[in-house]
Amino acid sequence: MAYAGRISTPATSAAVERALLGHKRPVGEWLFQGFLLLSLVIALGVLLWLLTDVFVRSLPVWQERGVQSFVSSPLSSDPAKAGIAQGIFGSILLMVIVTVLVIPIGTAAAIYLEEYAPDNAVTRLLNTTVRNLAGVPAVVYGLLGLSVFVALLNDVGNNGRNMLAGGLTLAIVVLPIVIITAAEALRAVPSTIREAGFGVGATKWEVVRSHVLPYAAPGIFTGIILTIARAFGETAPLLLVGAAAGGFGQAASATLVERLTGPYTALPTTIYAWATLPQAEFKALTAAAIVVLLAVVLIINAIAIILRNRYERRW
Amino acid sequence: MTASRESSPLTIKDLRGSTGRRRRELIIRSLFFMSAATAVLISILIVVALIGQAVLFITKVDLSSLVSGSWQPRAGNFDLAAIIAGTFVIASIAMLVAAPLGLGAAIFLAEYARPRVRRTIKPILEVLAAIPSVVLGFFTLTVLTPRVVDVICPGPTPIFNMAGAGIAVGILITPLVASIAEDSMYAVPNSLREASYGLGARRRVTSLKVVVPSAVSGITAALIVGFSRAVGETMIVALAAGGVGGAIFNLNPCMPGQTMTAAMTALAVGSDQAGGGIAYSSLFFVGLLLFVMTLTLNLISERFVRRLRSAY
């Protein structure tokens, strides 16, 4: 107590404190604070529980098979041979497709909405649409992919249930989020920077390219990295557009085009397929695949958070 | 050029710069506009794709199969009430978990935690939000159902049940609810808190009677967005709630059930590769229903957020 030193005896200070507190111990206060702390601890405790449980469950796979064998084996109905090579390959290629599509379109859309768009009905429609698309459940995008991309790519390979269709669908799932985060990053750049550019006769694009984008780039990239992490774990839309759940063969000599247009699977869809299998051996395999998925997702997130903390700029 | 300028007065045209530069500006601007317009294009595609097949479903479906008491598309039973009931049971359980946990965590971070603690905990909550839902689905099957639900539910509980899935969905949306609610409480001006302390109120009274009422729009928005996310959550339910083949109408959370989202994946995963047929159309009808529901919830929550913005 800050006033204790100035009041002569412990007895008087206790009396003063009692008088100030209205002769009551603040039990309600303690209970309330205890409840708040408890809710936070539960929320974070579940995370810890999940991580340790999955890791412990996956241990047999690492001990008996070794990391090398597990990550380099293809899907199989035999738990002793099954691995996640096809899932990892599929996920990486899907992320490449998503990144290639989403970076230019998402950033350009955000630049239009923040820098170019006049304040009129069309702009308001665009803004509302983007925000609402971000709230549409991913599984609905799966239906869109099924009826549009799978149908359009029907003749390309595997009845349209190929990696191109999957990548396009995932790109559409995350596009609204990329636009929103990029727009936020652009909005954070103060208008004085732009005015300085216009003041010396630069055009809009010149101002955006050499003054606004460099300052907004860390924010835009953080958003894109977080989005990639989200796309990496996205499962439901891929199930709808026909990522393979069971095993499928693919010649080791298959070219990139053949792989893009052939059957495919991704890491999360492999996890889903294994989790539904009844054999106990597959529980350990599922846990091991989850450890790999979580490692990738958490590392990507950590990179994004470090990037943001490092380059965050207060104006 | 300089010669002509000396003889005639400076015009607007001279200041505009070269035509090449202006043309480049126009091209870039239209490219950016087209990128932004893809959002509208996607929305139109969603609506067209969903409505086309949904109308097909309505015109072809045997009306008696809509009240058959169960949702088994391959057997021709399309009782929507069965999967809508499942959706609301699971989303309600999720809210029972996420509302106290999320709001409790939000009040703690905004009102009690020191800045350092807040800066450390918020990123960890973001990490929790980044966990793919398929992972939580597996966690539900292997841990939550045998260890938690089995204790809560009386008697032997089936491994696939709605309570486990609901709790897991609640855990999934807790960070989202906490983050939106915390933002709105953090935005409440300090002068209100100081006024409350000045009147002799303690922290709990200040939090509950001053800060929470001031941030009520944002808190409501957080709960609505959380509910909307719970309604649209797919993988946890597909893995842990059961009812892969179909679901009968059931409100008991300790029993298996199916949500609209899980019904869609179950149909898509199991269906023959050839599209078509009334079961295929039903997929889109359910999708349209889900789209309209989440869109409505999101529009309502946006209303609340806008009210918050206008307040301060």
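**Helix packing, burial and chain contacts**

Mentor: In this predicted model, helix α4 (residues 80-112) of chain B packs with helix α10 (residues 216-232) of chain B at an angle of about 140°, and their axes lie 9 Å apart.

Trainee: How are α4(B) and α10(B) oriented to each other?

Mentor: Angles over 145 degrees count as roughly antiparallel and 65 to 115 as roughly perpendicular, with the rest oblique. The angle here is about 140°, and α4(B) and α10(B) are therefore oblique to each other.

Trainee: Is the crossing left-handed or right-handed?

Mentor: The crossing of α4(B) past α10(B) is right-handed.

Trainee: Which residues meet there?

Mentor: From α4(B), the residues are T87(B), A91(B), A94(B), M95(B), A98(B), A99(B), G102(B) and L103(B). They meet I219(B), A222(B), L223(B), G226(B), F227(B), A230(B) and V231(B) of α10(B). By class, twelve residues of this contact are nonpolar, three are polar and none is charged.

Trainee: Why would residues three or four places apart point the same way?

Mentor: An α-helix has 3.6 residues a turn, so residues with that spacing face the same way.

Trainee: Changing topic: what is the secondary structure of chain A?

Mentor: Chain A has 13 helices and zero strands. Its radius of gyration is 27 Å, well over the 20 Å from the globule rule for 315 residues, so chain A is more spread out than a compact globule. Along the principal axes, its C-alpha atoms fill a box of roughly 90 × 65 × 30 Å.

Trainee: And how much of chain A is buried?

Mentor: Of its 315 residues, 43% count as buried. Among contacts in chain A with a separation of 6 or more, 74% are between residues 24 or more positions apart.

Trainee: How many residues of helix α12 of chain A are buried?

Mentor: Nine of the nine residues of α12(A) (residues 267-275) are buried. Among them are P268(A), Y272(A) and W274(A).

Trainee: What do the buried residues of α12(A) pack against?

Mentor: Within chain A, they pack against α4 (85-116), α9 (204-233), α10 (236-240) and α13 (281-311). From chain B, α6 (133-152) and α11 (235-240) also take part.

Trainee: How many residues of chain A are in contact with chain B?

Mentor: There are 70 residues of chain A in contact with 66 residues of chain B. Helix α2 (residues 27-64) of chain A gives the largest share of the chain A side, 16 residues. That side has 50 nonpolar, 14 polar and six charged residues.

How values were computed
Residues are numbered from 1 along each chain as its sequence is written. Chains are lettered from A and ligands numbered from 1 in the order in which they are written. This is a predicted model: local features need pLDDT of at least 70, side-chain atom pairs count only at pLDDT 80 or more; totals for chains, interfaces and linings use all residues. Helices (H or I, at least four residues) and strands (E, at least two) are DSSP runs, numbered from the N terminus. The radius of gyration is taken over C-alpha atoms; the globule rule is 2.2 Å times the number of residues to the power 0.38. A residue is buried if 20 or more other C-beta atoms lie within 10 Å of its own, exposed if 12 or fewer, and partly exposed in between; C-beta atoms are placed from the backbone. Two residues are in contact if their C-beta atoms, placed from the backbone, lie within 7 Å. Ala, Val, Leu, Ile, Met, Phe, Trp, Tyr, Cys and Pro count as nonpolar, Asp, Glu, Lys and Arg as charged, and the others, Gly among them, as polar. Axes are lines fitted to C-alpha atoms, for helices over the stretch in contact, and angles run from 0 to 180 degrees between N-to-C directions. Angles under 35 degrees count as roughly parallel, over 145 as roughly antiparallel, 65 to 115 as roughly perpendicular and the rest as oblique. A crossing is left-handed if the near helix is turned anticlockwise from the far one by less than a right angle, and right-handed if clockwise.
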